[in-house]
Amino acid sequence: MQQAVLPGRGAGAQELTIAALGSVNLTVPELAAIRQQSVPRFCERLKPQLLKHSDEQTLAAIAALAQAIEQMPPCQAADRFANWGVVSATRYLGRTAFATVIDRYKVDGPWGVSVQVIPHTSPHAVASTLGMALDSHGPCAGAGGAPGEETQVVLAAASLLRRRAVSGMWMIFSGWRYPAQGATQTADAEPVCLAAALAVVDTSTPRADDLGTIGRIHIQPCSARATTTAGKPTHDLIHWLTGRDRRSPTAQRIALGSMSVEIELHANSPNGNGAAVFVPQFAGNNPLGQPAFAATR
Amino acid sequence: MNESPSIWITGVGAVSALGLGFDEISKGLLAGKSGIRPVADFDVAQHPCRIAGQVTLPPAPPELNPTAYEKLWPLERCIVFCCLQALLDSGLWANRGQLRIGLVLGVAAEWMSHWDWDARHGGRMIGGPTTGYQPAITTVQEMLGLNGPAMSVAAACASGNQAIGLAREWLAMDWVDVCLAGACDMGVTPYSMASFGNLRALSRRNDEPTAAVRPFDADRDGMVLGEGGAVFALERSNAVRGDDRHGYAEVGGAGMTSDSYHLVSPDPNSTYAAAAVRHALHDAQVDVADIDYINAHATGTPVGDACEARMLHAVLGPHVARPAVSSTKSMTGHLLGAAAAIEALACLTAIKFRAIPPTINLDRPDTACRLNHVANVAREQAVRVAVSNSFGFGGHNTSLVLKAVA
């Protein structure tokens, strides 16, 4: 593996430890099963009556979260995640539900609009629902909301961990992968909901050692005039984390703004087929508004 | 000992039903003016609530390409206008290319807002490919030429306080030289009015719009939606001192917690809402006895206002009668995702003009909400420390402490 080249660590640099990563790729029938039965770990706090109104990305995120917790050292404390927060990056959350709202409004007028749409499909809904699952009382929020905005979750989590008002943060990523045009009766012909859940703590805290390490996140501000070489987009963060796109290259760069973020998963990480580094490189104005990747080997 | 520089607000850009910009909105707030009127731009005949605090978005400012500006979605236009005004007000516009200017924007439902507008104008964006659309923060970066990191944050009606709290951290960590932070929302739409109306959260006092929002009043019957937002330019104090620019206030502290209780209803015990206020005070190194003014979240719903009043009693204890309390939603309406931002502006108003905006329509204070209310008329009083509370669906609790700067 070739290490990504980052500027020297300096003022504002921050390192987070990734303690767990859970990821899922779920088909529509699998999502329906979660909606009907919840998941064993959270069935007391997230009952089907609640999940009935949840967006599919919320359901996938719940499954990814449960998987991630399985990887963490067992702990009997009931308030294990009480002082954690949750930040989620979704992709067009609530699109299906809102399309239904628009159609029903045309037919039934205002009385046809469900009261559940706003609380369950606004961009904060995934984080709020997972916060309820965990009985977490740290801050919960959505960040971004469209493809290419996922790295905002990293910045949010790092910011919230800085003052140590929270013990740890859950970073959640979710979205859909749709079949390619012309796909036939293969596994890739069905839409799949992707979700990844990462538990992160500030590396400098003692707690980081207790939880174990499967990877690191490095954050580094750059000068205003920093530049990077942008190339053709080939990978994105959620596909990478959910293992759908963990092929080569082993290091990548994205242009976004005057920040540099590197996400590194160790070779023994549960989803990894080898060590890999994801480097969203913020530098300069990005006219596309989408991450631009430059792969290196 | 090396102390970190404090974080100051040096510029404000704002749009609300009370007008445009800090001075005009402050004037309306201090005059006790209501921005609530009958909804004019779509048919509300079948809606349970037919009034709102709508805004008239301004034309293209001379600094921007008018063609590009006129093509923006309403929410984007509001955001771009507020960000530009904040930079102009701070005196940083001309030097923006030399600075790492970050952007943390509270947007409670960005894509829903676009889908909504598009559908109302005959489009079917929601069912089509999403290529060609970009996030609002990218639009701001492009149009204003900003080159720092940018983020949109969604925490329902608490989004603005979360954005300001995060921006403060970005500056403290030296990630940026300047950070624009705040929130905008254009939530007065048929679908949101229908959803909140069906939830019975909206006032039905349609025949007297200016008297409809009655936080803490015994006759309150719900909130009224508003539109607009506010964006602030935040800087480290050591970058401001020594030149001829001024600070509106210091962002002294921020508290953020979650109820983990229900996706709509607040925890009736307000345990974590109280924790958010305590965290903010602790963060700002402010004692409860030093608070001069609290801009309450109080939306005018029967349950929520009483819940917040109980929480304030728990936090303030024997000092509960000291700080003046008002809810400026009585004038602006509830700006949803942008509520915290416009209410931070109300705190700056109190600090700058040494006068506290009132809660209008507070004719018969609810005995369940006994506080030191500023009822109906602004109160002249110096404000050194102001606290702004904002809570939201999903159990989001936030509190912001703003301090006067010398």
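How close do the axes of helix 7 of chain A and helix 6 of chain B come, and at what angle do they cross? The points below start with that pair.

1. The axes of helix 7 (residues 151–162) of chain A and helix 6 of chain B come within 9 Å and cross at roughly 80 degrees. Axes here are lines fitted to C-alpha atoms, for helices over the stretch in contact, with angles from 0 to 180 degrees between N-to-C directions. The two helices are therefore roughly perpendicular (65 to 115 degrees; under 35 is roughly parallel, over 145 roughly antiparallel, the rest oblique). A:Ala156, A:Ser159 and A:Arg162 make the contact with B:Leu166, B:Glu169 and B:Trp170. Contact means C-beta atoms, placed from the backbone, within 7 Å.

2. This is a predicted model, in which local features need pLDDT of at least 70, side-chain atom pairs count only at pLDDT 80 or more, and totals for chains, interfaces and linings use all residues. Residues are numbered from 1 along each chain as its sequence is written, while chains are lettered from A and ligands numbered from 1 in the order in which they are written. Chain B averages a pLDDT (the predictor's confidence in each residue, from 0 to 100) of 95, and 99% of the residues score at least 70. For the complex, the predictor gives an ipTM of 0.96 and a pTM of 0.93.

3. Between the chains, 59 residues of chain A and 58 residues of chain B take part in the contact. On the side of chain B that touches chain A, helix 7 of chain B gives the largest share, 7 residues. Helices (H or I, at least four residues) and strands (E, at least two) are DSSP runs, numbered from the N terminus.

4. Strand 3 (residues 140–143) of chain A pairs with strand 6 of chain B in the antiparallel sense over 2 bridges; pairing requires that DSSP finds at least two bridges between two strands. A:Ala143 stands opposite B:Val153.

5. Chain B has 12 helices and 15 strands. Its radius of gyration, 20 Å, is close to the 22 Å of the globule rule for 406 residues, so chain B is as compact as a globular protein of that length. The radius is taken over C-alpha atoms, and the rule is 2.2 Å times the number of residues to the power 0.38.

6. Within chain B, the axes of helix 1 (residues 21–31) and helix 12 (residues 339–353) come within 10 Å and cross at roughly 85 degrees. Residues that meet there include B:Phe22 and B:Ile25 in helix 1 and B:Leu345 and B:Phe353 in helix 12.

Note on methods. Two residues are in contact if their C-beta atoms, placed from the backbone, lie within 7 Å.
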